[in-house]
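This report describes how the chains of one model touch, and then turns to parts of single chains.

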Amino acid sequence: MLGGGILHGLAVTAKNFVGSFTDPERLVTLGYPEERAPAKENARQFPFLVFDGADPQAGLRCVACQICEKECPPQCILIVKSKTKKPDHLGKPQFFPATFDIDLSVCMSCQICVEVCPFDAIKMDQEFELATNDRFEGLLRHRDQLARPNAHFQKLHPTDAAAIDARRAEELAKAAAAATAAAAAPRKPAPESPPAA
Amino acid sequence: MSAATLHLLLAAAMFCIGLAGALCRRNAILVLIGIELMLNAANLNFLTFWKYGPQPQPLDGPVFVLFSVAIAAAEAAVGLALIIAIHRRYRTTQLEEISRLRG
Amino acid sequence: MPPEPVLSLAFAIVAGLVLGGSVAAVSCRNRVHAGLFLAVALVGLALVFLRMGAEFLGFIQILVYVGAVAVLIVFAILLTRGSDSAHERRSNAPGIGIGLAVLLWGVLAWGILHRSPGAIATPSPPPSMAVRDLGERLLREELLPLQTVGLLLTAALIGAALIALPEPGISPRPSGSHGSAGTETPPSSPT
Amino acid sequence: MDAPDQIFVLLKHAVVSWFPTPVQPWISAVLSIGAILAVYPMIFALTTVIERKALGRIQNRPGPNRVGPAGFLQFAADGIKSLTKEDIVPRAADSVVHFLAPLVVVVPPLLALAVLPVGRNMVALDLPETGLLFFLMVGTAVELGVFMAGWSSHNKYSLLGAMRAIAQLLSYELPLLLSTVSVVMLTGSLSLNAIIGHQSEVHAGVLLGWNVFTPWGAAGAVLFFIAALAEANRSPFDLPEAESEIVAGYFTEYSGFKFALFFLGEYLGLFAVSGLGITLFLGGWLPPLTVLSWVPSWLWFFGKLAVLMGIFIWLRGTLPRLRMDQLMRFAWQFLLPMSLINLLVAALWQYSTPWPHLLRWLPAAILFGIPYLLYHRAFLRQHPPRTYRYAS
């Protein structure tokens with residue numbers, strides 16, 4: 001009938017109106033600052049540096065190989081290699097970044113740095129509330145700000161982190177076994193393969 | 001000077017302003033505005049004589065004004081329709097440019 | 001009701017509104033302003049009607065003139081815009097028209113001021129204009145004129161619509177430097 | 001007994017009686033004006049919040065819920081925002097007309113609200129001779145304000161909005177007027193109080209004689225409220241301010257407080273015309289049943305207003321905007337003939353008073369049913385049932 005479509009439409013909107021009160025499935029909006037959607041495991045925002053142990057300086061996995069700096073498409077990473085070396089988790093002396101800066105205003109969250117890192121030293125963070133008044137210094141993250149404990153990484157990407165931790169534990173065990181073997185056997189100049197070949 | 005005189009003078013002034021407008025302006029719509037003013041001056045006169053004049057019939061003036069308003073409305077509608085039609089034909093509403101019938 | 005002074009401040013204000021609006025309406029170079037000033041003058045006239053106790057007619061005046069006629073006029077001004085130059089040229093001889101109008105006003109004013117006193121001198125208090133009486137009058141004594149006016153309005157409605165309809169055979173004359181504005185037909189409405 | 005009903009009237013009399021006699025009419029007027037200026041903008045503020053929340057719920061989202069308890073102070077935030085924003089006047093604008101337009105849009109609805117009886121003995125300005133005419137007259141002034149706003153802004157969207165507004169307002173004024181005429185015809189008075197009084201006769205012991213309970217009243221109310229929606233520029237007739245087509249229509253070039261004034265004027269117009277509809281068809285401040293007459297009369301009026309606002313919000317959340325030609329065709333080809341038929345029905349109703357009740361409904365049913373069926377056929381001819389083909 002003429003006008004029936006209007007009534008039909010009114011019925012549809014009325015159903016939606018009432019449904020938004022009675023059916024929680026309909027009203028999916030979250031009140032953001034108080035309520036938060038649970039983070040997706042593969043969500044990513046900007047990179048951070050992983051360190052093991054308690055000391056962000058001593059445990060930093062990064063060896064300042066500068067692969068990420070070269071691969072970064074928007075060139076937002078600046079690494080200055082240290083003059084001295086510090087032992088990595090296997091005890092081998094490695095360079096470490098004296099400076100490791102990421103300009104978040106330039107970064108495009110492509111995750112290429114994470115893909116190319118042979119040391120599992122750089123990973124993607126999920127922090128997104130980065131608004132600041134200062135668009136230069138406020139968005140430029142330095143090494144100490146970027147360093148996050150491994151526990152943080154484990155929390156964000158549990159699957160990924162478990163795999164990496166297992167591999168690293170395996171390497172450590174292998175290295176320890178090699179060390180005991182080397183200690184037992186006569187000293188041989190067997191060059192150790194790089195940890196994450 | 002009585003109120004009637006004042007109102008009559010006002011009506012006369014309004015009529016003459018409308019007349020001047022209708023005579024001097026060259027745009028058809030503005031001429032129509034002048035004519036509207038003249039019609040309204042006439043309405044004012046009707047009401048003045050109803051209010052302040054002798055009254056053979058108590059509601060003569062208002063009835064007259066009512067009819068005059070109705071006719072003025074019709075006149076405005078038809079006049080504006082004509083002006084729009086002319087505008088569509090001649091692309092102008094300047095009265096002197098609409099002169100195709102001139103020899 | 002207290003006896004009102006002949007030239008009260010209220011009358012001066014509404015008369016000023018009427019006269020100022022009228023003068024501006026016919027002399028304004030901007031056509032839309034002219035239309036708006038016409039509305040001002042007609043509102044002033046409605047106020048004059050209200051002061052005279054013709055409440056019904058004052059409201060009708062605004063309803064018809066401001067609500068319909070003035071709006072139609074400005075609408076027509078907008079529809080016929082763009083073809084003429086923004087401001088119309090001056091008339092060849094504005095003096096003649098103005099002179100004639102002033103002369104006419106002089107004659108009328110002379111006549112009004114020197115009329116025979118008997119014509120209006122005895123203003124019996126007018127009856128208050130009851131709308132019911134007006135309706136009775138219209139529908140009993142003036143029934144035929146009322147029907148005629150109704151017919152006239154209907155004819156005006158149809159006629160205005162027909163006139164304003166685009167003529168099928170005639171294409172509009174190619175406009176000069178201006179775009180073709182106003183080919184749309186608005187339904188004209190005589191209220 | 002009638003203390004809650006007359007509480008505001010008594011309050012006003014009490015306040016007025018404190019003052020010396022010569023100034024009493026002035027105090028009374030000031031109080032009435034103050035009440036109108038306080039109550040309706042407050043309803044406006046609440047309506048905007050409720051409207052946004054309801055529209056949100058219709059679209060399955062919560063709507064504003066931040067400012068104040070459950071978001072109900074959102075209007076205050078909006079008001080402060082619009083007050084503190086810069087008032088921009090375009091350089092090319094006609095500044096005087098641009099300045100006056102918001103006033104011409106806001107003042108008439110306020111004037112119109114003054115003549116509406118909101119309760120027993122509660123009307124700010126009682127015009128026993130011409131109340132309805134005053135209301136309609138005031139309503140027409142808005143057209144000019146809208147035109148002034150659109151034209152003076154010197155913006156093509158504003159101008160388009162103004163042209164649309166004028167065409168729409170002029171076209172829908174006719175059905176609006178004609179549907180009120182049927183009420184005037186049967187009441188025999190232009191006074192809004194008399195119209196309400198005419199509806200107070202009791203039928204069948206309990207039911208009051210609201211006009212909407214008669215065939216011409218029901219049809220008239222439908223026609224009236226359709227036309228009222230169009231006159232108030234409400235969705236689905238909000239073409240003059242269609243955001244998705246012409247930015248904001250005639251008030252595109254307004255900012256800050258003037259923009260808020262347009263907004264206010266629009267809602268006040270909606271309240272005014274809804275209040276008129278309530279007065280004409282829905283019994284004004286009368287209760288529907290005699291047993292409910294203990295509820296204060298002003299509560300009935302504002303309750304009905306709230307229900308109407310709810311329906312309007314519902315319609316806004318449901319119906320898409322019309323196209324300009326559909327709008328015009330609807331007014332001139334449907335509403336206008338139907339309201340003329342309604343006049344005929346009203347006249348027949350008046351002259352069939354001695355008939356039995358059911359028989360009186362018969363001519364109305366025929367007179368409305370036949371055109372309705374004809375429209376239905378014509379509609380189906382123009383718009384045959386659509387078939388959809390989906391990509392497989």
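Helix axes are lines fitted to C-alpha atoms over the stretch in contact, and angles run from 0 to 180 degrees between N-to-C directions. Helices (H or I, at least four residues) and strands (E, at least two) are DSSP runs, numbered from the N terminus. The model is predicted: local features need pLDDT of at least 70, side-chain atom pairs count only at pLDDT 80 or more, and totals for chains, interfaces and linings use all residues. Residues are numbered from 1 along each chain as its sequence is written, while chains are lettered from A and ligands numbered from 1 in the order in which they are written.

**Contacts between chains**

Two residues are in contact if their C-beta atoms, placed from the backbone, lie within 7 Å. Three pairs of chains touch, and chains B and C have the most contacts among them. Helix H1 (residues 3-24) of chain B packs on helix H1 (residues 9-27) of chain C at an angle of about 10°, and their axes are 8 Å apart. H1(B) and H1(C) are therefore roughly parallel to each other, a term for angles under 35 degrees. On the H1(B) side the contact includes Leu6(B), Leu10(B) and Ile17(B), and on the H1(C) side it includes Phe11(C), Val18(C) and Val26(C). By class, this contact of H1(B) with H1(C) has 13 nonpolar, three polar and no charged residues. Here Ala, Val, Leu, Ile, Met, Phe, Trp, Tyr, Cys and Pro count as nonpolar, Asp, Glu, Lys and Arg as charged, and the others, Gly among them, as polar.

Chain A meets chain D through 12 residues of chain A and 14 residues of chain D. The chain A side of this contact divides into six nonpolar, five polar and one charged. Chain A does not touch chain B or chain C; the separations are tabulated below.

| Pair of chains | Nearest C-alpha atoms |
|---|---|
| Chain A and chain B | 33 Å |
| Chain A and chain C | 25 Å |

**The sheet of chain A**

Two strands pair if DSSP finds at least two bridges between them. An open sheet of three strands in chain A has the order E4-E1-E6, with mixed pairing. E4 and E6 of chain A stand at the edges with a single partner strand each, so one side of each has no neighbour in the sheet. The twist from one strand to the next averages 50°.

Strand E1 (residues 47-51) of chain A has five of its five residues buried, that is, with 20 or more other C-beta atoms within 10 Å of their own. E1(A) pairs with strand E4 (residues 122-124) of chain A in the antiparallel sense over three bridges. In E4(A), Met124(A) is opposite Pro47(A), and Lys123(A) is opposite Phe48(A). E1(A) and strand E6 (residues 147-149) of chain A run parallel and are joined by three bridges. Arg148(A) in E6(A) is the bridge partner of Val50(A).

**Chain C**

An automatic or database domain assignment gives chain C domain 1 (8-86) and domain 2 (128-160). Their centres, taken over C-alpha atoms, are 24 Å apart. His114(C) is in the loop between helix H4 (94-113) and helix H5 (131-140) of chain C. His114(C) is exposed (12 or fewer other C-beta atoms within 10 Å), because 8 lie within that distance. His114(C) and Leu153(C) are 39 residues apart in sequence and 40 Å apart in space, C-alpha to C-alpha.

Technical notes. Angles under 35 degrees count as roughly parallel, over 145 as roughly antiparallel, 65 to 115 as roughly perpendicular and the rest as oblique.
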